[in-house]
Amino acid sequence: MTVNRRFTLAARPQGLPKDSDFLLTQDIVPPLQEGEFLIRNHYASIDPAIRGWLEPGGNYMPPVPIGDAVRASTIGVVELSRHPDFTAGQWAMGLNKIEDYSIGRGDGFTQPIDVDAVPSPTAYLSVAGAVGLTAWFGVEDVMQPAAGQTVLVSGAAGAVGSLVGQLAKRRGARVVGIAGGAEKCARLIDRYGFDQAIDYRGKDVEALSADIAAACPDGVHFVYENVGGACLDAALLNLAQGALVVICGLISEYNSAPQGARNIWQLLVKTATMRGYLISQYLDRFPEGVSAMAKLAGEGAIVYDEHVEDGIDNALPAMLRLFDGSNQGKMILKLI
């Protein structure tokens with residue numbers, strides 16, 4: 001019998017998640033059915049989206065049931081298989097759970113991966129994983145910025161934002177990032193190659209809007225929004241004519257009541273567009289995105305950072321780092 005440790009949801013979080021909302025449980029892995037395979041998870045991706053999946057109404061995915069392990073993207077090695085496309089010893093990436101073992105079913109979310117094609121297997125949870133794909137399709141398909149245009153990225157020092165900025169720069173756009181604190185703002189310019197950085201800390205919408213106006217005197221053609229709240233409202237006050245606002249995330253609102261966008265009237269004033277963006281829309285094109293991002297990373301054409309916490313018992317502290325901003329790169333949990 002194989003024992004499976006699982007990071008389990010015990011109660012719906014009210015505000016910021018806390019210890020009593022979760023339990024570390026142990027189950028026995030059931031026998032495999034035809035068409036299934038057993039993955040020994042080595043790493044789990046800790047993402048802001050997880051917080052939304054814990055809500056009772058869910059969001060773009062069903063809520064995690066009370067008593068079940070928390071959903072997350074993982075990478076690991078297939079140990080047993082009754083599926084023709086997956087063999088023992090093969091690495092696989094998929095949307096599974098924060099647990100030692102997951103049962104895969106080849107449903108499109110789980111794919112074989114070549115760990116020799118990237119600097120580290122963890123790259124499939126960062127630059128060549130959902131994070132990298134979110135940046136790749138967001139820039140190359142949704143926005144498609146060009147030379148002479150300005151892209152404003154909130155949460156710019158984060159795993160997605162830092163890649164969005166670099167990809168937009170490769171297309172010739174001018175890129176301005178919003179981040180929290182002098183250290184992260186310096187990293188935007190020195191490591192990720194942004195043209196300018198804005199520190200949002202301690203600023204209301206009016207002050208933040210003034211900083212954006214100074215950095216983007218001709219207005220913002222594309223907003224890649226990861227934060228929401230004051231960042232989004234300030235960005236809306238600085239749109240160029242015909243701008244596109246892409247809503248990728250609203251992390252400032254995940255642990256509190258929704259704030260909404262108060263300056264949405266600027267969409268009318270600037271004949272601009274605001275649209276939501278989910279990477280799941282590109283499921284059938286994942287191999288294309290993985291190949292492109294792995295190639296850029298392998299060539300050193302883009303840089304990325306990872307923050308790895310060790311052990312399933314550190315799942316909650318790792319998650320909380322996303323909300324206090326203390327993570328120094330893509331947050332990943334090492335399970336083995």
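Some housekeeping. This is a predicted model, in which local features need pLDDT of at least 70 and side-chain atom pairs count only at pLDDT 80 or more, while totals for chains, interfaces and linings use all residues. Residues are numbered from 1 along each chain as its sequence is written, and side-chain values use heavy atoms, with hydrogens and water left out.

Now the overall picture. The protein chain contains 9 helices and 15 strands; these are DSSP runs numbered from the N terminus, with helices being H or I of at least four residues and strands being E of at least two. Its radius of gyration is 20 Å, close to the 20 Å that the globule rule gives for 336 residues, so the chain is as compact as a globular protein of that length. That radius is taken over C-alpha atoms, and the rule is 2.2 Å times the number of residues to the power 0.38. Along the principal axes, the C-alpha trace spans about 65 × 45 × 35 Å.

Of the 336 residues, 53% count as buried. Buried means under 20% relative accessible area, exposed means over 50%, and partly exposed is in between, with a 1.4 Å probe and protein chains only. As for contacts, meaning heavy atoms within 4.5 Å, take those between residues at least 6 apart in sequence: 65% of them join residues at least 24 apart.

On charge, there are 27 positive and 37 negative side chains. The centres of the two sets lie 1 Å apart. Lys and Arg count as positive and Asp and Glu as negative, without His or the chain ends; each charge is placed at NZ of Lys, CZ of Arg, CG of Asp or CD of Glu.

Next, the rings. How many aromatic pairs does a search of the whole structure find? The search returns 6. Rings of Phe, Tyr and Trp (its six-membered ring) pair if their centres lie within 6.5 Å; planes under 30 degrees apart count as stacked, over 60 as edge-to-face, and the rest as tilted.

One of these pairs is Phe137 with Tyr282, which is stacked, at 4.6 Å centre to centre and 10 degrees between the planes. Phe137 lies in helix α2 (residues 130-143) and Tyr282 in the loop between β13 (273-276) and α8 (286-298), so this pair ties together parts that are 145 residues apart in sequence. Phe137 is buried at 1% relative accessibility, and Tyr282 is buried at 9%.

Then there is Tyr224 with Tyr277: the ring centres are 6.5 Å apart and the planes are at 75 degrees, so the pair is edge-to-face. Tyr224 is in strand β11 (residues 220-225) and Tyr277 is in the loop between β13 and α8, 53 residues apart. Both of these tyrosines are buried. Ring pairs link Phe137, Tyr224, Tyr277 and Tyr282 into a cluster.

Tyr277 also turns up in the surroundings of Ile247. Not counting residues up to four places away in sequence, Ile247 touches Glu225, Leu232, Met274, Arg275, Gly276 and Tyr277. Ile247 lies in strand β12 (residues 239-247) and is buried, at 16% relative accessibility.

Leu232, from that list of contacts, belongs to helix α6 and is among its buried residues. Is helix α6 enclosed or open? In α6 (residues 229-236), 7 of the 8 residues are buried, so the helix is largely enclosed by the rest of the structure. They are Gly229, Cys231, Leu232, Asp233, Ala234, Ala235 and Leu236.

Last, some loop residues. Gln144 has phi near 55 degrees, a positive value in a residue other than glycine. Gln144 sits in the loop between α2 and β8 (150-154) and is partly exposed, with a relative accessible area of 43%. Thr271, also not a glycine, has a positive phi of about 40 degrees. Thr271 is in the loop between α7 (265-269) and β13, and is exposed at 54% relative accessibility.

Glu55 is in the loop between α1 (49-53) and β4 (71-81), and is partly exposed at 29% relative accessibility. Leaving aside neighbours within four places in sequence, Glu55 is in contact with Arg12, Pro13 and Pro63.
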